[in-house]
Amino acid sequence: MQTVFNPIQLQLLQMFSCMKSEEELKEVKQVLSEYYIKKVEERANTLWDSMELDQQKLDEMASIHERLPYR
């Protein structure tokens, strides 16, 4: 079976191939984490502003305990 990478994966592989240290890896992981945190915050704000999300729904979600199955 052949693995097919999408353009994003290919770009990341090219970028990662230039990294020479664990410190660089940590820095890239931090940047990616910050990027996705920003995206989640933007989406949450959009939901809040549209009233699809409110404190009551947040409280309900906080009490839900769902386990993902182990693979």
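Tyr-36 counts as exposed, with a relative accessibility of 53%, where exposed denotes over 50% relative accessible area, buried under 20% and partly exposed the range in between (1.4 Å probe, protein chains only). The structure is a predicted model, in which local features need pLDDT of at least 70 and side-chain atom pairs count only at pLDDT 80 or more, whereas totals for chains, interfaces and linings use all residues. Residues are numbered from 1 along each chain as its sequence is written, and side-chain values use heavy atoms, with hydrogens and water left out.

Tyr-36 belongs, together with Met-15, Phe-16, Leu-32 and Tyr-35, to a nonpolar surface patch of about 470 Å². Such a patch is made of residues with over 30% relative accessible area and no salt bridge, nonpolar side chains (Val, Leu, Ile, Met, Phe, Trp, Tyr) being joined within 5 Å; the areas come from the Shrake-Rupley method with a 1.4 Å probe. Two helices, α1 (7–17) and α2 (22–49), each supply at least two residues of the patch, and the largest share, three residues, comes from α2. Helices are taken as DSSP runs (H or I, at least four residues), numbered from the N terminus. Leu-32 is found in α2 and is partly exposed, at 33% relative accessible area, as is Tyr-35, at 43%.

The structure holds one aromatic pair. The ring centres of Tyr-35 and Tyr-36 lie 4.9 Å apart with the planes at 85°, so the pair is edge-to-face; rings pair if their centres lie within 6.5 Å, and planes under 30 degrees apart count as stacked, over 60 as edge-to-face and the rest as tilted.

Met-51, which follows α2, has a positive phi near 70°.

Two salt bridges are present in the structure, each defined by a side-chain nitrogen of Lys or Arg within 4 Å of a carboxyl oxygen of Asp or Glu. Glu-42 forms one with Lys-38, the closest N and O atoms being 4.0 Å apart, and another with Lys-39, at 3.9 Å from N to O. Within α2, Glu-42 lies four residues from Lys-38 and three residues from Lys-39. An α-helix has 3.6 residues a turn, so residues three or four places apart point the same way.

Conventions: Patch = residues over 30% accessible without salt bridge, like charges linked within 9 Å, V, L, I, M, F, W, Y side chains within 5 Å. Phe/Tyr/Trp six-rings, centres within 6.5 Å; stacked < 30°, edge-to-face > 60°.
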